[in-house]
Amino acid sequence: MAAEVSRFGIETTIIVPGSFTTGTNHFAHAGHPEDEDIAEAYDELYPNLMDDVAKRLADLAPDADPSEVARQIVRVVDLPKGQRPFRVHIDPANDGAEEVSAVADPVPRALLPADRLRGPTHPATRAEP
């Protein structure tokens, strides 16, 4: 979308929040299987597996204030035009999303002709404290 709207002077920023477990019940509300029959069959073989995995993942995530996501959105909106980053990661657990973005972000640049891509996909930036 950044490439599509940049020619109209519209900037886009992708906000990438990591897992925030404080006040969000992130892992409790994360994905659940659609096919309950298969889930029950797994539960017979591996009782409480998904609950155990969710608890272990939650234990890995540091306590972090989810309002940091809102602060970063405000920070980006307040930046002068032309200085807004393409992507901002707010990831207290450092789960690898930033590294994945660093690998994936150059792909659109390679696929679009230079005249269609007038700088909308600038480098990813980490949220500043």
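A salt bridge here is a side-chain nitrogen of Lys or Arg sitting within 4 Å of a carboxyl oxygen of Asp or Glu. In this predicted model, that rule turns up four salt bridges. Arginine 71 pairs with aspartate 65, with 3.3 Å between the closest N and O atoms, and also with glutamate 68, at 2.9 Å from N to O. The glutamate 68 pairing stays inside helix α4 (residues 67-78), where the two partners are three residues apart, about one turn of the helix. As for cover, arginine 71 is partly exposed at 43% relative accessible area and aspartate 65 is partly exposed at 41%, whereas glutamate 68 counts as buried at 19%, because the cut-off for buried is under 20%.

Another salt bridge brings together arginine 87 and aspartate 105, at 2.3 Å from N to O. Arginine 87 belongs to strand β2 (residues 87-90) and aspartate 105 to the loop between α5 (97-104) and α6 (106-111), so this pair ties together parts 18 residues apart in sequence. Both ends are tucked away: arginine 87 is buried at 13% relative accessible area, and aspartate 105 is buried at 7%. Back at arginine 71, shared partners link Asp65, Glu68 and Arg71 into one network of salt bridges.

Helices α2 (36-45) and α3 (49-60) are the elements that supply two or more residues each, and α3 gives the most, with five. Leucine 49 is located in α3 and is partly exposed, at 38% relative accessible area.

Conventions: Residues numbered from 1 in each chain as written. Predicted model: local features only at pLDDT ≥ 70, side-chain atom pairs only at ≥ 80, totals over all residues. Heavy atoms only, no water. Helix = DSSP H or I, 4+ residues; strand = E, 2+ residues; numbered from the N terminus. Buried < 20%, exposed > 50% of the residue type's maximum accessible area, 1.4 Å probe, protein only.
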